[in-house]
Structures are given as C-alpha cells and as structure tokens.
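Please consult the sequence and the structure shown here.

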Amino acid sequence: MSGPDRAADDDDASPLPRLSSRIFVTWVELVVVGFVGAVLGDFASGPPELVVYLGTVLALVAVLMYNVDRLVSGRLADAT
C-alpha cells in the first residue's frame, strides 16, 4: 500500500511490539524480585521473615506501577 493508508497501518503496528516488550520486561522484573524475596525470606525466620515478605510485596507493586506508568506515558506522548 502507499499513501495515507500505509501510514495508518504503520501507526497501528507500532504500539503492539512496545506493549509486548514492556509486558516481557515487567514479567522478568517481577520474577527476579520474587526470587530475591524468596531467597531472603528463606534465610530469615520469625518477625524478620514477615518484614522480608512485606518488602517483597512492596517491591512487586513498585515494579508493576513503574511499568504501567511507562506504558501510559508512552501512550500519552504518542497521542500528542
């Protein structure tokens, strides 16, 4: 195709690879944080284990929110 139809197809194809790569990066980051938390929790027992668990959950939420923010910021930048 040529002309405006081709440009519209290129714009439609662009966000999907970015979304897919961001999903993959998020998944890898969540797995790494989860494993680190599990290893640290294995070494701790009692109240420190609870602190490690809560810290791991907080880190997982932070990773998730950071990646959602990156996606939303990218969409807003593309829209303007």
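In which helix is Arg22 found? Arg22 is found in helix 2 (residues 15-43). This is a predicted model, in which local features need pLDDT of at least 70, side-chain atom pairs count only at pLDDT 80 or more, and totals for chains, interfaces and linings use all residues. Residues are numbered from 1 along each chain as its sequence is written, and side-chain values use heavy atoms, without hydrogens and water.

The chain contains three helices and zero strands, where helices are DSSP runs (H or I) of at least four residues and strands (E) of at least two, numbered from the N terminus. Confidence is expressed as pLDDT, from 0 to 100 for each residue.

| Item | Mean pLDDT |
|---|---|
| Chain | 82 |
| Helix 1 (residues 4-13), lowest | 51 |
| Helix 3, highest | 90 |

Where pLDDT is low, the predicted coordinates should not be read in detail.

Buried residues (under 20% relative accessible area, 1.4 Å probe, protein chains only) make up 11% of the 80 residues. Arg22 is buried yet has no salt bridge, a term for a side-chain nitrogen of Lys or Arg within 4 Å of a carboxyl oxygen of Asp or Glu. The nearest side chain of opposite charge to Arg22, that of Glu29, is 5.1 Å away. Arg22 touches Tyr66, Asn67, Arg70 and Leu71, not counting residues up to four places away in sequence; contact means heavy atoms within 4.5 Å.

Conventions:
Buried means under 20% relative accessible area, exposed over 50%, partly exposed in between (1.4 Å probe, protein chains only). pLDDT is the predictor's confidence in each residue, from 0 to 100. Lys and Arg count as positive and Asp and Glu as negative; His and the chain ends are not counted.
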